[in-house]
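Please look over the sequence and the three-dimensional structure shown below before reading on. The paragraphs that follow lead through its pockets, sheets, helices and backbone details in turn.

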Amino acid sequence: MSQLVGAIDQGTTSSRFIVFDDAGDIVALAQKEHEQIFPQPGWVEHNPVEIWENTRDVIRGGLEKAGIEASDLAAVGITNQRETTVVWDRTTGEPVYNAIVWQDTRTDQYCTEFAADIGIDRFRPKTGLPLATYFAGPKIRWIIDNVAGVRDRASSGDLIFGTTDSWLMWNLTGGTDGGLHITDVTNASRTLLMNLATLEWEPEILRVMGIPVEMLPDIRSSSETYGAATGVLEGVRLAGILGDQQAALFGQACFAPGQAKNTYGTGCFLLLNTGTKPVPSPSGLLTTLAYKLGDDDPVYALEGSVAVAGALVQWVRDNLGLIESASEIETVARSVDDNGGIYFVPAFSGLFAPHWRSDARGVIVGLTRYVTKGHLARAVLEATAWQTREVLDAMRKDSGVELTSLQVDGGMVENQLLMQFQADVLATRVVRPKVAETTALGAAYAAGLATGVWDSMEDLSANWQQSAEWNPHMDDSLREAEYRQWKKAVQRTLNWVE
């Protein structure tokens with residue numbers, strides 16, 4: 001009889017619960033969006049209580065759609081938006097402030113202050129990360145400094161921090177009645193506070209940032225039985241935690257050094273498995289944890305993070321009203337043969353990899369009266385492909401690995417025009433798996449490995465099946481000419497914020 005594993009996928013725009021069978025196929029899925037809160041330009045927040053309520057709702061919905069009880073699940077794993085920061089009271093369970101989302105740029109001045117005279121790479125040798133608004137550490141410091149009463153209560157241990165995996169795990173395991181305050185190595189590696197070598201919180205960085213260690217969760221592996229759930233998942237073993245992009249790498253079965261995947265979601269995230277030793281990046285990539293299975297050695301990755309991918313389609317829909325649904329962008333883009341000479345660089349939250357420029361802001365360049373709605377739609381899609389090209393160029397340089405294919409997943413991979421253009425600008429085969437929900441699948445795999453649903457990594461690799469591929473057709477000279485134009489457009493975004 002097939003064993004079932006559940007995955008909570010707490011993402012930037014929605015929370016989902018997916019039930020998988022032991023072949024890695026989806027049995028049922030439930031999803032619910034949460035509000036995106038923008039108090040000021042550059043600020044992005046979520047309501048943690050809404051996220052917790054939605055998570056319970058989708059768990060109930062997923063179980064109902066599958067026609068099962070919680071007790072029918074062998075285990076449940078959690079995957080999550082990574083750097084988004086929650087601080088809450090361990091006694092009352094109430095957040096002291098909204099969750100500050102990974103896209104938020106309010107901590108720019110803190111990052112400048114922490115960089116001092118050394119620069120943004122001050123902590124990179126220990127953390128693998130530059131000082132940037134992206135990461136959780138500076139967000140914690142902002143809450144300490146700007147929310148009344150937090151500083152004293154944080155030092156006493158009354159207030160605790162977590163990324164959304166920690167917030168959900170604490171609530172799922174009892175909350176104020178003994179809830180587990182933990183995270184895994186992948187999420188901890190995104191705080192700017194964890195030492196990549198020791199997998200422990202780094203005291204010197206905590207001192208510089210003014211963050212009490214008492215606030216921080218215990219760091220655990222990505223695949224082990226942490227404890228049993230209460231409430232909506234009463235008695236079910238919680239046995240996997242992976243940050244969303246690492247979960248996608250795991251769900252794509254990229255277990256060997258040199259294997260890579262790109263996830264096209266709110267942002268765009270390209271990860272390359274580099275094995276059991278961290279690889280420093282002189283080219284602006286992130287050195288991060290890929291996963292750690294129980295007591296096994298940790299596995300590392302190089303990551304290129306793009307802040308805005310699918311979020312740009314959402315912006316065109318919601319802010320401009322140019323399309324009524326996200327899927328319509330492809331139809332509109334196909335109404336023209338090319339971008340009409342325009343390039344859209346969506347540096348809404350600054351530029352992430354490989355530039356790391358928080359002073360950048362979005363631009364549309366090359367506008368003429370010839371340009372139509374179709375050209376703009378095409379430039380929106382092309383922006384994701386060009387940003388991926390920049391990241392992959394840096395990854396090739398740092399790793400010395402020449403990719404023969406790129407495994408892709410996420411909501412945007414249903415867009416045939418984008419996937420073909422991606423293959424064209426990379427001059428590389430692009431491959432989509434049968435199960436596109438690889439983020440949730442990775443969390444399910446981590447939980448199932450820890451609880452015996454799957455015996456080995458080979459079992460997971462055997463589940464992977466291809467559903468589609470795209471091969472490059474673009475002329476080399478055209479590809480490089482358009483790439484030069486893209487890089488010129490990127491230069492126009494810089495030095496906007498003073």
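**A guided reading of the model**

The lining of the second largest pocket consists of 8 nonpolar, 10 polar and 1 charged residues. In this grouping Ala, Val, Leu, Ile, Met, Phe, Trp, Tyr, Cys and Pro count as nonpolar, Asp, Glu, Lys and Arg as charged, and the others, Gly among them, as polar. The model is predicted: local features need pLDDT of at least 70, side-chain atom pairs count only at pLDDT 80 or more, and totals for chains, interfaces and linings use all residues. Residues are numbered from 1 along each chain as its sequence is written, and side-chain values use heavy atoms, with hydrogens and water left out.

The volume of the second largest pocket is about 520 Å³. Of its 19 lining residues, those nearest its centre are Phe38, Val44, Gln103, Trp315 and Phe348. Rolling a probe the size of a water molecule over the atoms shows where empty space is left. Here a pocket is an open set of points on a 1 Å grid over the protein atoms alone, where a 1.4 Å probe fits and protein lies on both sides within 12 Å along at least five of seven lines; lining residues have an atom within 4 Å of a point. Grid points are joined across faces, edges and corners, and a volume is the space filled by probe spheres set on the points.

The largest pocket holds about 1100 Å³ of space. It is lined by 41 residues, and Thr13, Tyr264, Gly265, Thr266 and Gly411 are the closest to its centre. Among the elements that give two or more residues to this lining are strand 1, strand 2, strand 3, helix 9 and strand 15 (260–264). Helix 10 provides the largest share, 5 residues. By type, the lining of the largest pocket divides into 11 nonpolar, 20 polar and 10 charged residues. Helices (H or I, at least four residues) and strands (E, at least two) are DSSP runs, numbered from the N terminus.

Six strands, in the order 3-2-1-5-14-13, make up an open sheet with mixed pairing; two strands pair if DSSP finds at least two bridges between them. At its edges are strand 3 (26–33) and strand 13 (223–228), each of which pairs on one side only. On average, neighbouring strands of this sheet are turned by 25° against each other, direction ignored. Strand 1 (residues 4–10) and strand 2 (residues 14–20) run antiparallel and are joined by 6 bridges. In one of these, Asp9 has Arg16 of strand 2 as its bridge partner.

Another open sheet has 7 strands in the order 17-18-16-15-21-22-23, and its pairing is also mixed. Its edge strands, each pairing on one side only, are strand 17 (286–291) and strand 23 (466–470). Lys261 has Gln407 as its bridge partner in strand 21.

How do helices lie against the strands? Helix 1 lies across strand 1, strand 2, strand 3 and strand 5 (73–80), and runs at about 150° to strand 3. Helix 9 (residues 244–251) lies across strand 5 and strand 14 (237–243), at about 105° to strand 14. Axes are lines fitted to C-alpha atoms, for helices over the stretch in contact, and angles run from 0 to 180 degrees between N-to-C directions.

Helix 1 (residues 48–66) also meets helix 6 (residues 164–172): their axes come within 11 Å and cross at roughly 60°. Contact means heavy atoms within 4.5 Å. The residues that make this contact include Trp52 and Ile59 of helix 1 and Trp167 and Leu168 of helix 6. The contact residues divide into 8 nonpolar, 2 polar and no charged.

Some backbone details complete the reading. The peptide bond from Ala353 to Pro354 is cis, with omega near -5°, and Pro354 lies in the loop between strand 19 (343–345) and strand 20 (363–365). Ala116 is not a glycine, yet has a positive phi of about 50°; this residue lies in the loop between helix 2 (108–115) and helix 3 (124–127).
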